[in-house]
Structure formats: structure tokens, C-alpha cells
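Subject: Structure for you to look at

Hello,

Here is the structure I said I would pass on. My notes on it follow below.

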Amino acid sequence: MYTKMFIANRGEIAVRVINECRKLGIKTVAACSDTERNAPHMRIADKGYCIGAAAVKDSYMNARAIINAALITKSDVIHPGYGFLSENTEFAKSCEQRGVSFVGPASDTLAQAANKMATKRIAVSQEIPVLKGYFAEDIDDALSRADEIGYPVMIKTSNGGGGAGIKPVFSSGELRKTLELLQPLKCGKLFIEKFVRTARHIEVQIIADKYGNILTIGNRECSIQLRNKKVLEECPAQSLSAGLLKRLYADSLKLARALNYVGVGTIEFLVDKAENYYFMEMNARIQVEHGITEMITGINLVEWQIKISAGEKIPFTQDEIRFSGHALECRINAQSCGRIDNWCLNNSEVRFDHAIASGLTVWPYYDSLLGKLISHGQTRRDAIKKMSGYLNDLHINGIKTNIEMHKNLLNNDRFLSGEYYTNILENEGYVKRYA
Amino acid sequence: MELTEKIRALSQTMRANGIKVLEIKNSDGEIKIELFPLKETEIPEREILPAEQSVKIPAPIMGVGYLASSEDAEPFVTPGDRIKKGDVLCIIEAMKVMNEVIADCDYEILEVCFENGQIIEYGQDLFKVKRIEAADVH
């Protein structure tokens with residue numbers, strides 16, 4: 001097992017990893033930017049250092065500063081969290097070259113697993129269904145590809161990520177107009193893909209050790225998105241036929257095996273009304289919404305991610321995994337910058353993975369996620385009822401948050417029906433009110 | 001100018017002129033910038049102590065701080081020294097690269113704020129110094 005872990009991230013995931021390390025007896029070193037010296041992850045780690053200026057490129061994504069800090073603090077492993085450098089092949093390679101372990105797949109694996117085109121190619125070779133998509137060189141190229149695919153299409157710019165740079169387009173006229181507007185912004189490579197209008201975003205959690213054991217750990221429903229960013233996730237997804245689930249799990253295992261994947265990962269699929277499904281991409285890291293899977297299985301994903309990385313074998317088999325009840329996660333996001341004057345959550349049962357503290361300043365440089373409210377119940381109805389209670393008990397003063405939006409959503413008929421698609425927030429008017 | 005550069009330049013202009021909200025619409029599209037008020041910041045600012053006009057020099061990177069160029073060498077500066085802009089104050093080692101910390105103007109060294117071989121954070125105080133008028137330095 002590792003002796004000292006350097007956590008190259010911030011916010012709630014840094015807190016999560018540091019908490020886990022303490023349980024595993026691993027010493028922790030935290031890193032922060034100039035503006036976050038008093039952030040919770042800095043306070044709870046054994047040691048914390050400021051590694052660079054406020055901007056992400058100078059601090060949390062400053063690979064040189066991070067590896068340097070890990071080396072001079074004599075850390076034997078770096079945990080990259082999610083986002084930032086967690087799927088950066090160069091960074092993983094630098095860690096390997098410098099003799100610091102990296103909690104994640106090997107750089108060779110990451111080179112493929114974190115590359116959208118590469119994983120798509122592998123999926124196709126494994127006869128896993130994918131959406132038709134092509135890179136486009138320029139506007140004319142884009143228009144001809146879009147004709148080939150058939151409207152509507154989705155345009156994705158490679159400078160995106162976390163929902164940015166993605167837009168559905170319904171006609172060639174609209175495509176031309178949109179691309180002409182995008183050109184001056186220099187948004188990187190352009191990708192044109194089939195857009196499935198009414199679909200669900202369903203993902204499969206996988207876990208794989210260094211001994212060739214690969215398991216699936218259920219699925220998650222992540223269709224509730226505001227401008228392509230997930231806001232509320234559920235586990236398990238409702239109303240998916242046993243046949244479909246069998247195929248999703250089998251294809252996820254096939255893909256992971258083809259990649260020689262080691263670690264925790266998630267395979268994302270789009271599932272349409274007729275239960276046609278398409279592989280979208282793989283997330284080769286721990287995910288924000290990992291907690292809801294933990295609630296229904298009792299399997300601690302961060303713990304196992306660290307243990308697998310340290311060379312431990314997964315001690316349970318696929319058949320031994322038990323699923324119990326239903327879990328929900330509400331992502332509590334800041335909607336304004338400023339100082340959190342005070343906050344409270346008086347509830348003895350709730351799980352809230354957060355990095356909130358009274359007096360903390362929310363800066364514009366980083367993601368707006370403050371914390372994740374997670375509920376679990378024997379039934380979906382129970383889990384929703386409990387979550388409504390938690391939202392009622394959570395108070396954050398000083399900044400605007402999306403707590404009211406979540407309260408509203410939990411009373412929404414379409415959400416309550418359990419039958420919804422990725423267009424739910426737009427159809428129900430949430431984009432206008434809350435985006 | 002790249003969009004992010006444009007936004008940065010506009011934000012600076014806004015802050016300098018006390019403008020809180022700026023909306024621009026033209027043929028390229030529209031942009032709205034809203035500045036949030038800077039209340040208490042934790043950005044290490046140059047501390048100007050009123051009585052003595054002294055400041056602290058912050059570390060520009062994280063690394064291991066050294067007061068001299070090698071084990072046996074004399075330290076670059078000691079309290080009482082009057083140094084010129086461009087002089088080397090100390091070294092911060094990062095990734096086996098010895099980075100020199102250079103004085104950005106003429107100073108008198110008042111205090112050394114770290115120990116040789118200590119891990120230095122980004123922004124950590126390295127020296128307490130006093131600005132000198134150019135004419136005073138010999």
C-alpha cells in the first residue's frame with residue numbers, strides 16, 4: 001500500500017480522496033492555487049502547499065508544478081481526481097518517468113481510453129454499436145459529412161469537455177450559420193455526429209485490477225443535464241429491459257478487455273426510445289457521480305481505485321455484487337461567485353460529499369460544483385422523498401446556488417414519472433429559468 | 001485577439017473604471033461581462049507596512065529554497081545588504097532546475113524569511129525588503 005499520496009485536485013473530490021487515504025493509513029499532501037490556501041482540502045490533509053497562481057493552468061493543471069511538488073514532498077503516488085489532468089496521457093507518462101505512481105490506467109492505456117476517436121474505433125472493431133461521426137476540416141467538409149450522416153447532427157468542438165462546445169443542429173442552413181459564428185472563436189477540431197433527439201444517457205461502472213479481473217458494477221441514469229452538464233443522477237436507471245442491460249454490460253466488458261483497462265472507469269451509452277443503444281465514450285477515471293453506485297452496492301469505489309492501483313486483487317466476483325434500493329445525487333452548484341457567509345445541513349442521515357466552509361470564497365476560476373447531496377432509499381420514491389428533505393435542510397448563505405432548482409425538479413411530474421430523456425430540462429423550462 | 005484575451009482586457013478596463021456590467025453586441029455576436037466585487041482576497045499582495053515602506057518578496061514558484069549557489073558558497077544576500085534591480089536574491093529548485101529569484105527593483109534586505117533547504121510554496125514570503133531610491137545605491 002502507498003505511504004504518502006499527493007492529491008492533484010481540489011474541491012469535493014480532493015476531500016473525498018483525502019478522507020479515504022486517512023482510512024487506509026496513507027499520509028496525504030494537498031495542493032492548492034493562490035486563492036485556495038484555506039480551502040477544506042488543504043485543511044484536512046496532513047500537509048498542504050500552494051503550487052501556483054489562481055488560474056487552473058498555473059496550478060491544478062500545471063503538470064510540472066504538480067510532479068515537482070509530489071517529488072519534493074516525497075510522495076509515492078499522485079491521485080489526479082477527475083477533470084484537470086486525470087485523463088492526460090502526457091501527465092501519466094511523466095509520472096511513470098519520474099517514478100511516481102499515478103492512480104489511474106497506465107499511460108499506454110490512457111492514450112487510447114481517453115481518446116474519443118480511438119475508443120470509438122476499438123468499439124467498432126468489437127462490434128459495439130456507435131453513432132456515425134466524422135472530423136470535419138472546414139465548413140464545406142462539415143456540410144457534406146452532415147448530409148452523409150443525415151440531420152439532425154451534433155457538432156462537437158474538441159476544446160470542449162464537461163459539456164462545453166456541443167450543439168445540436170437541425171438543417172444545413174443552421175449548420176452553415178453556426179459554423180460561421182464559431183470560426184472567429186477558434187474552437188479547435190470540429191466533430192460532426194448523428195444527433196439522437198430523444199435519448200437517455202446511461203452509463204456502466206467498471207472496475208478492473210492488474211490480474212485481469214474486470215467487473216461491471218451496475219449502471220447510472222445521467223440524462224438530467226443543463227447545457228450538457230449533469231445535474232442530477234440516479235442509480236439504477238429505470239425501465240431498461242433485462243436484454244438491453246445484458247448487452248450494455250457485455251459490451252462494457254468487451255471494451256475494457258480490449259483496452260487492457262486497469263482501474264475504475266465508466267462506459268457511456270446513448271439509449272433511444274426503441275432501446276437502440278450507442279457507445280459514446282469512456283471516462284478513464286473516477287467520476288463525480290460514483291457515490292450513487294456506492295450507495296446501492298456497498299462497494300467503496302475510491303477505496304478500490306486506490307487498492308487496485310497499489311496492486312491489490314479484487315476479492316469479490318461479479319455474482320457476489322448485490323444491488324439494493326435506489327440512490328439519487330443532486331449536484332449542488334454555485335451560481336454566483338462571492339463569499340459563503342455561513343451554511344448548515346442539519347440532518348443525521350444524509351451523505352453530502354462537499355468542500356463547503358463558512359467564510360470560503362467561491363472563485364470564477366474553477367468548476368461551480370460545491371458538493372453532492374446523495375440519498376438512498378429502498379425504492380425510488382423513498383430516495384426522492386429523502387432527497388427533498390435534504391434539500392430542505394441545506395442552507396447556504398452568501399452566494400446563489402441551484403438548491404431551489406433541485407427542489408423544483410423533485411416536484412416535477414416528468415421527473416417523478418421516472419420516464420425522461422436528455423431533453424427533460426429543456427422541455428420542462430429549466431434551461432430558461434436556471435441556465 | 002483571442003476571445004479569452006479580449007475578455008481579460010475588457011475585465012481589466014472595467015475594473016480600472018469601476019464598471020460592473022458590460023454588454024457588447026455586434027455582427028460577430030454578443031458578450032456580457034459581469035464583475036463580481038473583490039471583497040477579501042487571499043491573493044498575497046505586496047504588504048506595504050506604512051511606517052517603513054517595506055515589502056515582502058513572494059516566491060514565484062514552488063520548490064526547495066536555497067540561500068546560496070552551493071553548499072560552501074556565501075549566501076546571495078544577508079540582512080543589511082543593499083542590492084540592485086536584477087541581482088539574484090536566492091534560488092528555488094524545481095524539477096532539478098535551479099531557478100534564480102531576481103530583484104525587480106533596488107532594495108535593502110531587512111529580513112530573510114525562510115531557511116536554507118526548506119520547501120517553499122508559491123507566493124510564500126522569501127524576504128522582507130525596503131525599496132530604495134535609485135540614487136542611494138552605490
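In this predicted model, strand β18(A) is joined by 4 bridges to strand β20 (residues 369–377) of chain A, and the two run antiparallel. One pair to look for on screen is A:Phe352, which stands opposite A:Leu373 in β20(A).

Both strands belong to an open sheet of 8 strands in chain A, with antiparallel pairing and the order β14-β13-β10-β11-β12-β15-β20-β18. The edges are held by β14 (277–283) and β18 (351–354) of chain A; each has a single partner strand, so one side of each is left without a neighbour in the sheet. From one strand to the next, the twist averages 25°.

Two helices lie across parts of this sheet. Helix α1 (residues 11–24) of chain A lies across β18 and β20 of chain A and runs at about 110° to β18(A). Helix α11 (residues 301–309) of chain A lies across β10 (199–208), β11 (214–226) and β13 (263–272) of chain A, at about 45° to β10(A).

Chain A also has an open sheet of 5 strands with parallel pairing, in the order β3-β2-β1-β4-β5. Its edge strands are β3 (47–52) and β5 (101–102) of chain A, each of which pairs on one side only. Strand β2 (residues 27–33) of chain A is joined to β3(A) by 5 bridges, and these strands run parallel. Across that pairing, A:Cys32 stands opposite A:Cys50 in β3(A).

Next, the helix pairs. Two packed helices are described by the angle between their axes and the distance between the axes.

For helix α3 (residues 63–72) of chain A and helix α4 (residues 89–98) of chain A, the axes come within 11 Å and cross at roughly 30°. Angles under 35 degrees count as roughly parallel, so α3(A) is roughly parallel to α4(A). The crossing of α3(A) past α4(A) is right-handed. On the α3(A) side the residues are A:Ala63, A:Ile66, A:Ile67 and A:Leu71, and they meet A:Phe91, A:Ser94, A:Cys95 and A:Arg98 in α4(A). By class, this contact has 6 nonpolar, 1 polar and 1 charged residues.

Helix α7 (residues 139–149) of chain A packs with helix α8 (residues 172–182) of chain A at an angle of about 150°, their axes being 10 Å apart. Angles over 145 degrees count as roughly antiparallel, and α7(A) and α8(A) are therefore roughly antiparallel to each other. This crossing, of α7(A) and α8(A), is right-handed. From α7(A) the contact takes in A:Ile139, A:Asp140, A:Ala142, A:Leu143 and A:Ala146, and from α8(A) it takes in A:Ser172, A:Leu175, A:Arg176, A:Leu179 and A:Glu180. The classes in the contact of α7(A) with α8(A) are 6 nonpolar, 1 polar and 3 charged residues.

Last, the domains. Chain A is divided into domain 1 (4–103), domain 2 (132–194) and domain 3 (199–434). Taken over C-alpha atoms, the centres of domain 1 of chain A and domain 2 of chain A are separated by 36 Å. Chain B is divided into domain 1 (3–34) and domain 2 (54–136), and the C-alpha centres of these two domains of chain B lie 38 Å apart.

Regards

Notes
Residues numbered from 1 in each chain as written. Chains lettered and ligands numbered in written order. Predicted model: local features only at pLDDT ≥ 70, side-chain atom pairs only at ≥ 80, totals over all residues. Heavy atoms only, no water. Domains from an automatic or database assignment. Pairing = 2+ DSSP bridges. Axes fitted to C-alpha atoms, helices over the stretch in contact; angles between N-to-C directions. Parallel < 35°, antiparallel > 145°, perpendicular 65-115°, else oblique. Left-handed = near helix turned anticlockwise from the far one by under 90°. Contact = heavy atoms within 4.5 Å. Nonpolar A, V, L, I, M, F, W, Y, C, P; charged D, E, K, R; others polar.
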